[in-house]
Amino acid sequence: MTSETMSSLHPAGVDTGGPVAPFSDDLVRYPVPFGAVRLGDGLLGRLQESNAATSIREGDTHLADEHAWENFHNAAEHRRGVEYHGPVFEDGEVYKWLEAVAWEAGRSHDPELSTWLDRYTAFIAAAQAEDGYLNTYFEVSGERTERYEILEWDHEIFNMGAMIQSAVAQFRATGKTGLLDVARKAANHLDRTFGPNRRQGTCGHPVIEMALVELYRATGERRYLDLAKFFVEVRGHEILDKEFGHFGSTYLSDRVPVRETVTPEGHAVRAVYLAAGATDVAIETHDDELLRALAVQWDNMVGSKMYLTGGLGSRWDGEAFGDPYELPSDRAYAETCAAIASMQWSWRLYLATGDSKYVDLIERQLYNAVLPAISYEGDAYFYVNALQVREGAQVDDPGQRNPAHGRQHWFGCSCCPTNIMRTLASVHQYVASSNAHGIRIEQFTSAALDLETGVGLARLMMETRYPWSGEIAITVESGPADAWELGIRIPAWAEGATVTVDGVPSETPREPISPLSAHGRPARSSGSRCRSHRDSPAATPGSTTSAAPSPSSAARSYTRSSRSTRSPA
């Protein structure tokens with residue numbers, strides 16, 4: 001692999017992107033480099049630190065206790081027919097945990113985590129077949145006679161997709177290419193096996209679509225994007241068994257083609273992962289028709305299938321979306337993974353369109369459907385996030401997913417803990433975005449930001465007690481001499497939000513995007529603060545703020561307050 005085939009490389013040869021790093025040159029917004037935002041001592045920063053100190057390290061212990069790595073050792077030694085440990089998707093949980101390790105290693109430069117990446121990558125590489133196939137359940141259990149025998153359930157392609165995501169994370173965060181080599185070998189195997197002129201099939205659980213697009217973005221190899229497009233387009237034609245077990249094509253997101261789907265249905269995590277991957281494909285293939293269809297699906301999901309908290313999935317049966325407005329509070333499933341999947345989908349739609357409703361939903365789901373699923377100490381989790389638990393509830397739930405049990409230290413199906421870990425390890429990627437005109441603050445938390453404005457690098461400090469206080473102070477500590485734009489999202493719920501620039505009130509914004517303009521080369525100043533009042537003019541939902549500071553000012557401090565009687569929920 002030559003450096004010329006890589007995307008977004010900085011001079012050291014490392015892809016500086018985060019979990020999403022689009023190639024497309026016609027997006028409205030773009031993610032900032034992975035290391036551009038450093039969280040401070042706010043809620044998100046403290047949770048990210050507890051994730052590093054506790055969650056990820058205890059995850060290593062839990063996976064060892066489950067003998068997850070023994071599966072890889074047995075596959076490497078070609079021990080077929082011996083005991084297999086965990087569900088058929090255990091490999092995928094290992095890979096999601098390893099992705100969290102990669103992001104955290106890139107963020108903190110922890111040498112122990114770097115050692116783990118090398119050690120566990122070697123275990124994975126040893127288990128891979130010569131032709132690139134990689135799935136320990138098939139290689140070890142002896143339960144199947146052929147590969148891809150039960151596409152509906154065996155998660156073979158899903159597992160490889162999770163490994164590819166982990167490999168891209170490791171490459172972007174640390175520059176290590178060992179797992180990326182494994183990922184390319186696996187993707188090449190899939191490309192030889194599935195496609196327009198090859199086998200017409202796909203996995204019962206989407207994720208490969210997002211993974212292949214990100215591998216294309218990391219390597220520049222177009223065939224990975226083409227294969228992702230195939231996996232999106234082949235769904236919806238009941239190519240999977242429409243009467244698989246207790247479920248069928250609706251559960252598997254295989255009843256209606258993606259382009260014809262008007263609202264997500266079936267298993268919530270599957271449906272939303274598919275939509276996120278399809279959005280990636282639409283972005284990179286400039287498919288406006290597909291993008292419009294996905295935007296309609298998102299609107300209908302939010303409008304009729306989402307709880308107030310942002311939770312998704314009202315049916316325990318099939319962990320599934322219900323019918324429109326079927327949203328019982330005490331029987332809500334609202335799986336943690338579904339909310340995380342929705343954040344991933346909304347971020348992609350936001351980058352493509354610039355519509356603030358998508359980052360508004362990210363905020364709602366982060367604080368109300370994801371963060372409640374982990375203890376503040378980082379060692380216990382909710383799988384299900386019901387809106388109501390009856391006092392004295394008696395539940396027959398050996399897996400202890402029901403929130404009546406309280407948070408659990410682990411689950412036999414560990415998808416939610418590992419998903420939370422990789423989300424918190426990279427959560428700072430949601431804080432800001434950029435384009436050729438400047439930068440925009442999307443989520444509010446104490447942080448230091450070094451961001452490219454389009455005309456040079458700017459250094460910002462954001463200080464806030466958010467979400468306990470709606471007052472946010474942003475100080476531009478240094479920046480380029482030429483004019484650039486600093487946008488600040490005003491959430492749709494923040495009625496009466498106000499802005500001051502160097503202590504001078506700024507007119508409440510009316511336009512959807514009306515960014516602040518920063519002029520001159522600022523230095524440090526004391527900054528200014530403001531308060532909003534309920535009787536202030538209501539901000540246009542999703543708008544940004546507008547002000548033009550004086551070029552003679554020695555520094556810039558922008559403060560916005562979003563106090564309201566309503567919360568982010």
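These are my notebook entries on a predicted model of one protein chain.

**Entry 1: the whole chain**

I began with the overall count. The protein chain has 14 helices and 12 strands. Of its 569 residues, 62% are buried. I then looked up contacts between residues at least 6 apart in sequence, and 72% of them join residues at least 24 apart. The accessible surface is about 20900 Å². Carbon and sulfur atoms hold 48% of that surface.

**Entry 2: salt bridges**

I found 35 salt bridges in the structure. I looked up E49 and R107, whose closest N and O atoms are 3.2 Å apart. E49 sits in helix 1 and R107 in helix 3, so this pair ties together parts that are 58 residues apart in sequence. E49 is partly exposed at 42% relative accessible area. R107 is also partly exposed, at 24%.

Next I checked E112 and R57, which form a salt bridge at 3.1 Å, N to O. E112 has 38% relative accessibility, which means it counts as partly exposed. R57, at 22%, is partly exposed as well.

My next pair was R235 and E209, joined at 3.9 Å, N to O. R235 lies in the loop between helix 9 and helix 10, while E209 is in helix 8. Are these two residues buried or exposed? Both R235 and E209 are buried. I also noted one network, in which shared partners link R172, E214, R217, D280, E284 and R348.

**Entry 3: E66, a buried charge**

I found E66 in the loop between helix 1 and helix 2. E66 is buried but has no salt bridge. How far away is the nearest side chain of opposite charge? That side chain is K96, 11 Å away. Beyond its close sequence neighbours, within four places, E66 contacts H85, E90, W410, F411 and G412.

**Entry 4: V427**

V427 is in the loop between helix 14 and strand 3. Its relative accessible area is 3%, so I logged V427 as buried. V427 and Q48 are 379 residues apart in sequence, yet their C-alpha atoms are 7.8 Å apart. Leaving out residues up to four places away, V427 touches L39, Q48 and L366.

I checked both faces of strand 9. T498 and T500 are buried on one side, and V499 and V501 are buried on the other. Strand 9 pairs with strand 10 in the antiparallel sense, over three bridges. T500 has P505 as its bridge partner. Two residues lie between the strands of this hairpin, and D502 takes a positive phi near 50°.

Technical notes:
Residues are numbered from 1 along each chain as its sequence is written. This is a predicted model: local features need pLDDT of at least 70, side-chain atom pairs count only at pLDDT 80 or more; totals for chains, interfaces and linings use all residues. Side-chain values use heavy atoms; hydrogens and water are left out. Helices (H or I, at least four residues) and strands (E, at least two) are DSSP runs, numbered from the N terminus. Buried means under 20% relative accessible area, exposed over 50%, partly exposed in between (1.4 Å probe, protein chains only). Lys and Arg count as positive and Asp and Glu as negative; His and the chain ends are not counted. A salt bridge is a side-chain nitrogen of Lys or Arg within 4 Å of a carboxyl oxygen of Asp or Glu. Contact means heavy atoms within 4.5 Å. Two strands pair if DSSP finds at least two bridges between them. Accessible areas come from the Shrake-Rupley method with a 1.4 Å probe; for residues, only the protein chains shown count as cover.
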